[in-house]
Amino acid sequence: ALRANRGEFDSGNPGAVTWINELLWREFYKHILVGYPRVSMHRAFRQETEALPWRDAPDELAAWQQGRTGLPIVDAAMRQLRATGWMHNRLRMIVAMFLTKNLLIDWREGERFFMRQLIDGDLAANNGGWQWSASTGTDAAPYFRIFNPISQSQKFDPDGHFIRHWVPELAGLNKRDIHDPAALGGLLAPAGYPRPIVDLARSRERALAAFKHLGNREVPA
C-alpha cells in the first residue's frame with residue numbers, strides 16, 4: 001500500500017490512505033492487547049466502565065442480530081453482515097453505537113457476534129473497534145458521541161440504494177421516507193417491517209446518564 005502511494009501515509013490516493021490507516025489501527029490495537037492483556041479476556045480498557053449498568057435485553061439483542069430493529073440502516077447493515085460476512089467500517093460504528101448506547105447492551109455481546117460472522121474477523125481490531133464505539137476503550141469515542149442512525153443513513157445512503165437492497169420491505173418508499181418509515185404513521189407504514197424497538201432520543205439520554213454516573217470510580221483489575 002505504501003509503495004502504491006509513493007510512501008505517503010496521509011496524502012495521495014484516498015483509497016490507499018484509507019487502507020493504510022486501517023492497517024495502522026489494527027497494529028495499534030495489537031499493541032494494546034500486548035500491553036493490556038485484560039482486554040483480550042473480555043475486560044474493558046477503561047476499567048471504570050466495568051460498572052456500567054448494561055441491560056439484559058435478549059429480545060432486543062436478537063432483533064439487532066437479525067436486522068429487525070425498525071431502524072433501516074441498522075437492519076440493512078446487520079442483514080448484509082449475516083449474508084456476506086462483511087460490513088463497511090462506517091456501518092460497523094453505526095450498529096455498534098446503536099447496540100451499546102441506544103440499547104445499552106454490553107459491547108461484549110456485539111464483539112462476540114461479529115467474530116462469529118466476519119470473514120475478516122481479527123481479535124485486536126474487532127475488540128478495539130467495539131470498545132471505541134462503546135466508549136470503554138483506549139482513545140475511544142467520547143461517551144456523549146452517539147450516532148443517530150437516521151441522520152447517518154441520510155448522509156451516507158441519501159438515495160436509499162443500500163437500504164433497498166438489504167431491506168426489500170422498504171423498496172417502495174421514496175428516498176426521504178426510507179430512512180425513517182416509522183414517521184409515516186400506522187396506516188402509511190410499510191407492511192411487514194417492524195416499528196423501532198427503541199426511542200432514539202430517550203435512549204440517548206439514558207446512555208448519557210449511565211456514563212455520567214460513573215464519575216471517576218475505578219474497578220479493580
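**Reading packing, burial and charge**

Modeller: In this predicted model, α1 packs on helix α6 (residues 123–134) at an angle of about 90 degrees, and their axes are 8 Å apart.

Biologist: How should I read those values, and which word describes the arrangement of α1 and α6?

Modeller: Two packed helices are described by the angle between their axes together with the distance between the axes. Angles from 65 to 115 degrees count as roughly perpendicular, and α1 and α6 are therefore roughly perpendicular to each other. On the α1 side the contact involves Arg26, Tyr29, Lys30 and Leu33, which meet Leu123, Ala124, Ala125, Gly128, Gly129 and Trp132 in α6. Sorted by class, the residues of this contact are six nonpolar, two polar and two charged.

Biologist: At what angle do the axes of α4 and α9 cross?

Modeller: The axes of helix α4 (residues 89–102) and α9 cross at roughly 70 degrees and come within 9 Å, so α4 and α9 also fall in the class of roughly perpendicular helices. Phe98, Lys101 and Asn102 of α4 make this contact with Leu200, Ser203, Arg204, Arg206, Ala207 and Phe211 of α9. Here the division is four nonpolar, two polar and three charged residues.

Biologist: Which backbone oxygens lie 3.3 Å and 3.1 Å from a polar atom of the side chain of histidine 179?

Modeller: The backbone oxygen of proline 158 lies at 3.3 Å from a polar atom of that side chain, and the backbone oxygen of lysine 175 lies at 3.1 Å from a polar atom of the side chain of histidine 179. Histidine 179 is placed in the loop between α8 (161–166) and α9 (200–212), and histidine 179 is classed as buried because its relative accessible area is 3%. Once residues up to four places away in sequence are set aside, histidine 179 touches Pro72, Ile150, Ser153, Gln154, Asp157, Pro158, Gly160 and Ile163.

Biologist: How many salt bridges does the model contain, by the rule used for the count?

Modeller: The count comes to 15 salt bridges, where the rule asks for a side-chain nitrogen of Lys or Arg within 4 Å of a carboxyl oxygen of Asp or Glu. One of them joins glutamate 27 to arginine 26, with the closest N and O atoms 3.1 Å apart. Glutamate 27 is partly exposed, with a relative accessible area of 33%, and arginine 26 is partly exposed as well, at 33% relative accessibility. Another salt bridge is formed by the side chains of arginine 55 and glutamate 60, at 2.8 Å from N to O, and arginine 55 counts as partly exposed at 27% relative accessibility.

Biologist: Which residues are linked in a network of salt bridges?

Modeller: The network links Arg43, Glu50, Asp106 and Arg108. Within this group, arginine 43 forms a salt bridge with glutamate 50, the closest N and O atoms being separated by 3.2 Å, and arginine 43 is partly exposed, with a relative accessible area of 24%.

Note on methods:
Residues are numbered from 1 along each chain as its sequence is written. This is a predicted model: local features need pLDDT of at least 70, side-chain atom pairs count only at pLDDT 80 or more; totals for chains, interfaces and linings use all residues. Side-chain values use heavy atoms; hydrogens and water are left out. Helices (H or I, at least four residues) and strands (E, at least two) are DSSP runs, numbered from the N terminus. Buried means under 20% relative accessible area, exposed over 50%, partly exposed in between (1.4 Å probe, protein chains only). A polar contact is a pair of N or O atoms within 3.5 Å; within protein, one must be able to donate a hydrogen and the other to accept it, and residues adjacent in sequence count only if both atoms are side-chain atoms. Contact means heavy atoms within 4.5 Å. Axes are lines fitted to C-alpha atoms, for helices over the stretch in contact, and angles run from 0 to 180 degrees between N-to-C directions. Angles under 35 degrees count as roughly parallel, over 145 as roughly antiparallel, 65 to 115 as roughly perpendicular and the rest as oblique. Ala, Val, Leu, Ile, Met, Phe, Trp, Tyr, Cys and Pro count as nonpolar, Asp, Glu, Lys and Arg as charged, and the others, Gly among them, as polar.
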